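Dear colleague,

Please find the structure below, for your files. My notes on it follow.

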Amino acid sequence: PEPLLSIEDLRVSFAIRSGFLRRTKAEVRGVDGVSFSVMQGKTLGIVGESGCGKSTTARAIIGLETPNSGAISFAGERIELATPKRRRQLARHIQMIYQDPFASLNPRKTVEQIIGEGWLVHPDLVPESERKAETALLMRRVGLDPALSNRFPHQFSGGQRQRIGIARALALRPRLLVCDEPVSALDVSVQAQTLNLLAELQHELGLTYVFIAHDLSVVRHVSDTIAVMYLGRIVETGPIGPIYARPAHPYTLALMSAAPVSRPWAVSRPSRIVLKGELPSPLAPPPGCRFHTRCWMARARCRIEEPKLREVAGRKTACHFAEEVVAEAAPIGTP
Ligand code: SF4
Ligand code: MG
């Protein structure tokens, strides 16, 4: 089987002004050479702190950012090489679920109008005479009462608003959903319900997800594969199983130790790894390994030589000492 979405060596940079009178012009590389693919019907979780480039990657996939270079292929077709008309057609298949369901819903529109927004751009998809029925169907599918279709977003709870956002995305019958922190603005009690809904929809409709989060415990339950990002690069990527069993990158280990989940691996270090220092500015990423300014394992080599992604214990990791990390992260009970 072919991947539905495939990204190759994606680079996205922004020009920003800073310094005295904002006279200094600089280029920030938000995403600096990222590659991954997602198979049809599967979920890739992208994890990292804010500023790591995960949202920029998401925005590039849905066409809100123009990459400087790299390839974005959907079902084998290069999106960025397509004609504007073809691009619009392809764009329908890739919909976004936003972090803040309130900010992303127009407060002056009714639920019915919000769900039907995309049909104004793609009028042939659902004939006008069928839109009312289709809206009701979509509302039921995401667990909302169709009788409420004339209400406004503020009349709904956060979780319900996120369901409206999901219905709006589904209205275009997409094949891929890019979910940018879809539950991080929701109450913990509502998060699981929303994740369950997304899982059900994936199963029913054969959807493919790119699921972005800052929390490893959130993506664990929804993802088949994950990519951990740091300062515009992927530092560890592969199937969920081996990565959660034994991380092979110190940054993944630190993210896991911060997650409020039980840790199955032995702790020969403080059980909660607190990363020293701030996330460095993407304006001037550290030389060598970008993580070396915050890594408790950093050695001389790390400051000079940049580690490349390489195969280690069933996943790919960009750390010179990944074998040591894997060995240290051994589950309790193994010698
Ligand atoms: Fe830490 Fe060095 Fe590995 Fe980078 S290469 S993560 S600094 S040990
Ligand atoms: Mg973000």
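Helices H6 (residues 158-170) and H7 (residues 188-205) pack with their axes 10 Å apart, at an angle of about 20°. Axes are lines fitted to C-alpha atoms, for helices over the stretch in contact, and angles run from 0 to 180 degrees between N-to-C directions. H6 and H7 are therefore roughly parallel to each other (a term for angles under 35 degrees). Helices here are DSSP runs of H or I with at least four residues, numbered from the N terminus.

This is a predicted model, in which local features need pLDDT of at least 70 and side-chain atom pairs pLDDT 80 or more, while totals for chains, interfaces and linings use all residues. Residues are numbered from 1 along each chain as its sequence is written, and chains are lettered from A and ligands numbered from 1 in the order in which they are written.

On the H6 side, Gly158, Gly159, Gln162, Arg163 and Ile166 meet Val190, Gln193, Thr194 and Leu197 of H7 (contact: C-beta atoms, placed from the backbone, within 7 Å). By class, this contact has 3 nonpolar, 5 polar and 1 charged residues; Gly counts as polar.

Around ligand 1 there are 13 residues, of which Cys289, His292, Cys295, Cys302 and Cys319 come nearest (near: C-beta atom, placed from the backbone, within 6 Å). The shell comprises 10 nonpolar, 3 polar and no charged residues.

Arg86 lies in helix H2 (residues 84-92). Arg86 counts as exposed because it has 12 C-beta neighbours inside 10 Å (exposed: 12 or fewer within 10 Å). Its C-alpha atom is 30 Å from that of Ser223, 137 residues apart along the chain.

Regards

Technical notes. Helices (H or I, at least four residues) and strands (E, at least two) are DSSP runs, numbered from the N terminus. Angles under 35 degrees count as roughly parallel, over 145 as roughly antiparallel, 65 to 115 as roughly perpendicular and the rest as oblique. Two residues are in contact if their C-beta atoms, placed from the backbone, lie within 7 Å. A residue is buried if 20 or more other C-beta atoms lie within 10 Å of its own, exposed if 12 or fewer, and partly exposed in between; C-beta atoms are placed from the backbone.
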